There are 2 protein chains.
Amino acid sequence: MSTVRHPIKIVAQRTGLSPHLIRVWEKRYATIQPERSGGNQRLYSDTDIERLLLLKVVVDAGHSIGTVASLTLDQLRSLATSVGKPPLIVTQLSGARPPTFSPPPRQPETFLESAFAAASALDTVTLERVLDEASIALGQVALLGQVIAPLVHRIGEAWRLGDLKVAHEHHATAVIRTFLGHSSRALAIHPAAPALLVTTPAGQLHELGAVMVAACASAHGWRVVYLGPSLPADEIVGAVRQSGVRAVALSLVHPEDDPGIPEELARLRRLLPQEVAILAGGRACGAYRRALEQIGATQCSGLDSFALALDQLRQGRN
Amino acid sequence: MSTVRHPIKIVAQRTGLSPHLIRVWEKRYATIQPERSGGNQRLYSDTDIERLLLLKVVVDAGHSIGTVASLTLDQLRSLATSVGKPPLIVTQLSGARPPTFSPPPRQPETFLESAFAAASALDTVTLERVLDEASIALGQVALLGQVIAPLVHRIGEAWRLGDLKVAHEHHATAVIRTFLGHSSRALAIHPAAPALLVTTPAGQLHELGAVMVAACASAHGWRVVYLGPSLPADEIVGAVRQSGVRAVALSLVHPEDDPGIPEELARLRRLLPQEVAILAGGRACGAYRRALEQIGATQCSGLDSFALALDQLRQGRN
DNA sequence: CTTGGTGTGTCAATATATTGTCTATGTATT
DNA sequence: AATACATAGACAATATATTGACACACCAAG
C-alpha cells in the first residue's frame, strides 16, 4: 500500500462526494480521521478513499449514513457486496451438505483449497460461498490475485494432467464469470470516473481473463465497459468512440499462434484515436510481444502490474 | 452473523413491504422488536429482515398475518418452504430510486424500450438498473419471458438491419449474462430440490439461451448445475454422473446446420443413464427436430413450455 | 339477504430526527 | 492576488415515529 496522501479535492473527484460532505461526515460521525498537513489541511490515505467509496455505495443503495458510518472496513465491504441481496433463507436440513462446511478459513491458501475442492465436485453452491467468504475476508483485489487467478491456473493444470475434465473447467468458469460480473457492479463508480473498455481480440475465445481484468479495474475505481470475448478491431473502435473510454484492455490467452492477431492489433492502433491507450495482458501476451510493442501497448504481466498501469494512466490524465 | 443494523427504509426495500406496514405489524402483533437508535428510530437486524421476508412469503401465499405473526423463525421457515410457491425473489435495488413505494405500474414494453435504449448506448449501468427494476416489477419469470427474451431478439434484429453493431450485441450479452447468473443464485435452494444440468452441445457457442434456461429453472425451484456452452456428449455424461442431476437441458441456437449435432445428441442418449431426461429448446430446435425426436428429448418452444416440462418432470418423479 | 363485528391494509396530520447543502469568515497554498 | 481549504452555524429537504381514523373484505349471526 502506498504512503501517498491526497488532498480533499482529489478525494472528492475519486469518490463523487462533495468536499463539504466529506468534512461533515468526518465531523458528525468521525468515520475517518485523515492526517493533517502543517497548515492543518486534510491528507487522505488510499484506505480512507476506499472507505469513503464504500460508504457512498451503501448510502446510494439506501442505507442511512448514520447507521453505516461506524462500521469497520470489512463490514463495509461485505455490506457493499451484499447490498440489496435478501439474507439467505437458510433451510436447515441436515442432509447432503454438512460434510463441506468447515470453520471459516482465513488464509488465501485455505480459500484456494476449498474452492478447488468445490470445483472438483461440481458444487456450485459451495464454490459461490467460498468466493463470497474470500471476498469478505481478503477484499476484492487480494481475492482476484490470490484466489481466483491461482484457482483458474490450477484447474487448467489439473485438466492437463487428466485429473479434471473439460466439464469441470466449464463449470468453474461459469461460476467465476457470474461472481466477477456481479462484483464489478457492486462498486459502480460515479459517472466522472475514468472509463475502460475490456474485451479480447477476434479469435481469442477465452473470457475469464477479460472478466478478471474488468473486475480489477472496477475495484480500482474505473468505470468498465465490458464487451465479452472475440471482437474485431473495427467493432472495438466503434465502441470506444461511442462510450468515450480512455483506454482499451485486451486479454490474450489462447491460441498463442494465431497469425490474425498481429494484424488485428495493428488495425486497432491505426483506427483508434491517438489518446486512447491500449493495455494487454494474459498468458499469450509473450507470444504476441512484437506486435504489442509495435502498437505501443502497455504489457502487463499480472493483475498487480495491470493495476499499476491503470493508476499511472489515471495520474497522467487527471 | 453480522452486527450490522438497518434503518426501516432498507428493510422496506429488501422485503417489499411498506414502512407503514412494517410498523403496523410491529404494533399490532409484536412480531418483531427492533432496537432503537438514540433518536428513537428503529434498527433492524438481519434476522429481523429474514423474519419479515418469511412473513411476506406466507402472507402472499394466503395465510393471514394474524395467524402467522406469532410463529417462531423455524416454524416460519418450514411454512415458507411448504407453501411451495416459486420462492419469490427480492432482487436488489441499486442506485438512487424514486422514493415512492407504489411506483407507477410499468408495463413490460416500457422496460423493453428502456433496456433497448441503454443497450444501444452501451450504457452498462442503466441497462443493469432497468433489469433490476423490471425484475421487481414483473417477477423473475415474466422478466425472462417478456423483457429479456424480446430484448435479445430485438437486438439481434437491429444487428441484422445494421442499426446496431456486433459490439452492442456483445455488450448486452455480457450484461444479461451477469444479471441472470446472479439472479439464479439470489435464493437459497432447498438441498433436496430436483437438479438440472444446463449446457449446449459441442459447436453451439451461444450462451445466452442456456443462461436463460438456467435462470428459469432456478426460479422454478430447481437446483441448477450450469456448465456454459459447447460441451461434448461424453463430458456432459461425466458431469451428469458426478452431480446426480435428474435431467439435462440443451439450448440450440446457432448454427442450425451442423452435421455434428445429431451425432452428438445420439451419443449423449446412448451414454446417459435411462432415467435422465433430456430437454431441448432454442431457435435452432426445429432444425434438429428429427434427431431430438429419435433420442426422446422433450422439445420446448419457449420458456413457458420449458417451465411446464420442468413441472411435469418434477411431478412424475416426486 | 342484511347487519354488525373483526381483521387488515392504507392514509392523514403532526412532531421529531436525520442529512445534505449553504453562508460567512478566516487561513493556507500557489 | 487568486484560489483552495477549514470551521462554525444555519437552513431546507427528507425520513421517521406516533396516533387516530378510514376503507374494504370476510364471516357469522340475525
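In the predicted model, helix H7 (residues 124-138) of chain B packs against helix H8 (residues 140-160) of chain B at an angle of about 120°, and their axes lie 7 Å apart. Angles of 65 to 115 degrees count as roughly perpendicular and those over 145 as roughly antiparallel; H7(B) and H8(B) are therefore oblique to each other. The crossing of H7(B) with H8(B) is right-handed. On the side of H7(B), the contact involves B:Ala134, B:Ser135 and B:Leu138, which meet B:Gln140, B:Ala142, B:Leu143, B:Gln146 and B:Val147 of H8(B). Five of the residues in this contact are nonpolar and three are polar, with no charged residue.

H8(B) also packs with helix H6 (residues 108-120) of chain B, the two axes coming within 10 Å and crossing at roughly 40°. H6(B) is therefore oblique to H8(B), and their crossing is right-handed. H6(B) contributes B:Pro108, B:Phe111, B:Leu112, B:Ala115, B:Phe116 and B:Ala119, while H8(B) contributes B:Ala142, B:Gln146, B:Val147, B:Pro150, B:Leu151, B:Arg154 and B:Ile155. The contact of H6(B) with H8(B) comprises eleven nonpolar residues, one polar residue and one charged residue.

DNA strand C is surrounded by 24 residues, of which A:Gly39, A:Gly66, B:Gly39, B:Ser64 and B:Gly66 are the closest. In chain A, helix H2 (19-29) and helix H4 (65-68) each supply at least two residues of the surface near DNA strand C, as do helix H2 (19-29) and helix H4 (65-68) of chain B. This surface consists of eight nonpolar and 16 polar residues, and no charged residue belongs to it.

Note on methods. Residues are numbered from 1 along each chain as its sequence is written. Chains are lettered from A and ligands numbered from 1 in the order in which they are written. This is a predicted model: local features need pLDDT of at least 70, side-chain atom pairs count only at pLDDT 80 or more; totals for chains, interfaces and linings use all residues. A residue is near a molecule or strand if its C-beta atom, placed from the backbone, lies within 6 Å of it. Helices (H or I, at least four residues) and strands (E, at least two) are DSSP runs, numbered from the N terminus. Ala, Val, Leu, Ile, Met, Phe, Trp, Tyr, Cys and Pro count as nonpolar, Asp, Glu, Lys and Arg as charged, and the others, Gly among them, as polar. Axes are lines fitted to C-alpha atoms, for helices over the stretch in contact, and angles run from 0 to 180 degrees between N-to-C directions. Angles under 35 degrees count as roughly parallel, over 145 as roughly antiparallel, 65 to 115 as roughly perpendicular and the rest as oblique. A crossing is left-handed if the near helix is turned anticlockwise from the far one by less than a right angle, and right-handed if clockwise. Two residues are in contact if their C-beta atoms, placed from the backbone, lie within 7 Å.
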